[in-house]
Amino acid sequence: MLSTIEQAKRIAAHQAVDEYVKSGFVVGVGSGSTIVYAAERIGELVKGHKLSGIKCIPTSFQAKQLIDKYKLTLSSLEEFPVIDVTIDGADEVDLQLNCIKGGGACQLQEKIVAFAAKKFVIVADYRKESRFLGEKWTQGVPIEVIPMAYVPLMNKIEQDFGGKPVLRMAKCKAGPVITDNGNFVLDVDFGVISNPKTLCDYLKLLPGVVEVGLFCGMADKAFFGQIDGSFTTLVAKKSA
């Protein structure tokens, strides 16, 4: 039997799929623990002949494995540069639908696939909803960096932005986490972030920064599974 948190993840993911995924759609498949249930739901609907003609574009090695597991059709941005909807999880979501993503070190490909989508939908459990980014998620903002630049970047980020950077280390190998793109990840604690877009824009100007795990003004809607088995939603003003 699923735990309360896993049930919350599942209800959010299933609701998002039911509302946004239609037959013939090209779907961006996000990464992380909640997306497992989104892929599961798409697979159920395809197997039950309630959806057809679905093409899936992965955001990571994990996402590709999920697409394979549920016998969905794997595609790419080369074949479909415009995606109908991308569904992805988040580490934290603020009231303006800005997100921290990258807890699974997949933020670069996640942002590319989200950017290519007509609609970008977030699915998460009740723990991920905050007033401000950095309020609940205290592991820091993930920043993907070129390996040779990580020490100068750590120094610069601490000096100029007051952040507290840590090189993310692997748990089942010696040394740092290596992303699907061959890069390192810095987790930077900025405390509560009042203006995530400004911070993201400045960080991306630093030589050696590949991508920042701040997704600002990108999401159209978020689904949050609640502890009682219900769900709530948050809709971006641009889509209201």
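**Exercise 1: Salt bridges**

The side chains of E211 and K111 meet in a salt bridge, with 3.0 Å from N to O; a salt bridge is a side-chain nitrogen of Lys or Arg within 4 Å of a carboxyl oxygen of Asp or Glu. The model is predicted, and local features need pLDDT of at least 70, side-chain atom pairs count only at pLDDT 80 or more, while totals for chains, interfaces and linings use all residues. Residues are numbered from 1 along each chain as its sequence is written, and side-chain values use heavy atoms, with hydrogens and water left out.

Task: State how many salt bridges a search of the whole structure finds, and describe the one formed by R10.

Solution. Step 2: R10 pairs with E40 through their side chains, at 3.0 Å from N to O. Step 3: this pair links distant parts of the chain, since R10 lies in helix α1 (residues 4-20) and E40 in helix α2 (residues 35-47), 30 residues apart. Helices (H or I, at least four residues) and strands (E, at least two) are DSSP runs, numbered from the N terminus.

**Exercise 2: The two domains**

Task: Describe how domain 1 and domain 2 meet.

Solution. Step 1: the chain is divided into domain 1 (4-131 + 217-235) and domain 2 (141-213), with bounds from an automatic or database domain assignment. Step 2: the centres of the two domains, taken over C-alpha atoms, are separated by 24 Å. Step 3: 15 residues of domain 1 are in contact (heavy atoms within 4.5 Å) with 16 residues of domain 2. Step 4: the domains bury about 1,100 Å² between them, 53% of it on carbon and sulfur atoms; buried area is the accessible area (1.4 Å probe) that two parts lose on being put together, summed over both. Q107, L108 and K111 supply 45% of the area that domain 1 buries against domain 2, more than any other three residues. Step 5: across this interface the rule finds one salt bridge.

**Exercise 3: The largest pocket**

Task: Characterise the largest pocket and its lining.

Solution. Step 1: a pocket is an open set of points on a 1 Å grid over the protein atoms alone, with protein on both sides within 12 Å along at least five of seven lines; a cavity is a set where a 1.4 Å probe fits but cannot get out, and lining residues have an atom within 4 Å of a point. Step 2: the volume of the largest pocket is about 630 Å³, a volume being the space filled by probe spheres set on the points, which are joined across faces, edges and corners. Step 3: 34 residues line this pocket, and G102, G103, G104, A105 and R168 lie nearest its centre. Step 4: the lining comprises 11 nonpolar, 12 polar and 11 charged residues. Here Ala, Val, Leu, Ile, Met, Phe, Trp, Tyr, Cys and Pro count as nonpolar, Asp, Glu, Lys and Arg as charged, and the others, Gly among them, as polar. Step 5: domain 1 and domain 2 each contribute at least three residues to the lining.

**Exercise 4: The cavities**

Task: Describe the largest cavity and the second largest cavity.

Solution. Step 1: two cavities of 30 Å³ or more are present. Step 2: the largest cavity holds about 60 Å³ of space, and α2 gives the most to its lining, with four residues. Its lining has nine nonpolar residues, one polar and no charged. Step 3: the second largest cavity holds about 30 Å³, and its lining has two nonpolar, five polar and one charged residues.
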